Amino acid sequence: MSTNGTSSPPPGLPEALAAGTVVLDGGMSNQLEAAGHDLSDELWSARLLAERPEAITEAHLAYFEVGADVAITAGYQATFEGFARRGIGRERAAGLIASSVELARAAVRRAREKGVARPLWVAASAGPYGAMLADGSEYRGRYGLTVRELERFHRPRLEVLAAARPDVLALETVPDTDEAEALLRAVRGLGVPVWLSYTVDGPRTRAGQPLEEAFALAADAEEVIAVGVNCCAPEDADAAVATAARVTGKPVVVYPNSGETWDPGARAWNGRSTFTPDRVAHWHTHGARLIGGCCRVGPAAIAEIAHALVRS
């Protein structure tokens, strides 16, 4: 946030958003890879929940130290079904899913020990159904499942995450309105606020629905404290932020990719970053109150965001 914390109990995230702007962290995977961890696996960063949990805490801490106020957990690809394919039973899987929140809390404690005094929060990541498939379908949506079937998939994991007591549930990288509707149904009664963020292509979801229609689903949902976009090009976030604010009247969450593009054949990133401080100022002016980065956005960029928002 743009002010330092005090010794009084920190505000809840909804209250913080009413008072100002909150800085999210950056990409978990790129920070883990920068530390030398191999994520070429269907479980992606979720594999380290079992194998190298301390690496996840270190990644969160790196972002807190440069100015992030919110750690988004490594639970994006952590599902009962994904762990089952690795022979991990349901009880152990539930423990690993919950540990994603606990590891972020450990990073908060480490940050405090290092002198970080401002309020810090934990957002429990819940990725889309396509993330569990690990075939890129979270960028297409339309899995051939009904809203009810998607709700049944998401609810057990969300119950585990809610029981771990994060500050907010991050329903993120949602590719279509069917899955958004399922997620909004699945969080009812859990007692934890949520944000809903779509992955988009221009003025539409990845599945092709107009963003006005997509954002409108969250307008009257009491659980939703912010709505917006993530894991998209920074250029696509520019217009989406204003649309989300206009349609919902809620604070907007925005954390796009760097702007580089992934070449699956070469297994490499191409192009240059278009994630700039000027864009951060634009998003803030048009209603963004939770601002950070996703793939290929690391601590240096988050430090720039924190600096830009302090100055604003």
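1. Two strands are taken to pair if DSSP finds at least two bridges between them; helices (H or I, at least four residues) and strands (E, at least two) are DSSP runs, numbered from the N terminus. The structure is a predicted model, in which local features need pLDDT of at least 70 and side-chain atom pairs count only at pLDDT 80 or more, while totals for chains, interfaces and linings use all residues. Residues are numbered from 1 along each chain as its sequence is written, and side-chain values use heavy atoms, with hydrogens and water left out.

2. On confidence, pLDDT is the predictor's confidence in each residue, from 0 to 100. The protein has a mean pLDDT of 92, and 93% of its residues reach 70 or more. Residues 2-7 have pLDDT below 50, and this stretch has 7 contacts in the model beyond near neighbours in sequence, a contact being heavy atoms within 4.5 Å. Where pLDDT is low, the predicted coordinates should not be read in detail.

3. The sheet is open and consists of 8 strands in the order β1-β12-β9-β8-β5-β4-β3-β2, with parallel pairing. Its edge strands are β1 (22-23) and β2 (70-72), each of which pairs on one side only. Strands β3 (residues 121-126) and β4 (residues 168-174) run parallel and are joined by 4 bridges. Ala123 has Val168 of β4 as its bridge partner. Helix α8 (residues 147-163) packs on the sheet, where it touches β3 and β4; the direction of α8 makes about 170 degrees with that of β3. For such angles, axes are lines fitted to C-alpha atoms, for helices over the stretch in contact, and values run from 0 to 180 degrees between N-to-C directions.

4. Which strands flank β9 in the sheet order? They are β12 and β8. Strand β8 (residues 224-230) is joined to β9 by 4 bridges, and the two run parallel; here Gly228 has Val253 of β9 as its bridge partner. Between β9 and β12 there are 3 bridges, again with a parallel run. In that pairing Val252 stands opposite Ala288 of β12, and Val254 has Ile291 of β12 as its bridge partner. Strand β12 is also joined to β1, by 2 bridges in parallel, with Val22 opposite Leu290 of β12.

5. The side chains of β9 deserve a separate remark. Val252 and Val254 point one way from the strand, Val253 and Tyr255 point the other way, and all are buried; buried means under 20% relative accessible area, exposed over 50%, and partly exposed in between (1.4 Å probe, protein chains only). β8, helix α11 (residues 234-248) and β9 make a right-handed β-α-β unit. A crossover is right-handed if, with the strands pointing away from the viewer, the path from the first strand over the helix to the second runs clockwise.

6. How many residues of helix α9 (residues 177-186) are buried? The number is 7 of 10, so α9 is largely enclosed by the rest of the structure. The buried residues of α9 are Thr177, Glu179, Ala180, Ala182, Leu183, Leu184 and Ala186. Their cover includes α7 (129-133), α8, β4, β5 (194-198), α10 (211-219) and β8. At the start of α9, a side-chain oxygen of Asp176 reaches to within 3.1 Å of the backbone nitrogen of Asp178.

7. Two buried helix residues may be examined individually. His60, in helix α4 (residues 53-66), has 1% relative accessibility and therefore counts as buried. Leaving out residues up to four places away in sequence, His60 touches Asp25, Met28, Ala71, Ile72, Thr73, Ala74, Leu103, Ala104 and Ala107. Met132 belongs to helix α7 and is buried, with a relative accessible area of 7%. Beyond its neighbours within four places in sequence, Met132 is in contact with Thr79, Glu81, Gly82, Arg85 and Phe153. The C-alpha atoms of Met132 and Gly82 are separated by 5.8 Å, although the residues are 50 apart along the chain.

8. Most residues other than glycine have a negative phi. Ala134, which is not a glycine, has a positive phi of about 55 degrees; it lies in the loop between α7 and α8 and, at 34% relative accessibility, counts as partly exposed. Cys231, likewise not a glycine, has a positive phi of about 50 degrees. Cys231 lies in the loop between β8 and α11 and is buried, with a relative accessible area of 3%.

Definitions and conventions. A polar contact is a pair of N or O atoms within 3.5 Å; within protein, one must be able to donate a hydrogen and the other to accept it, and residues adjacent in sequence count only if both atoms are side-chain atoms.
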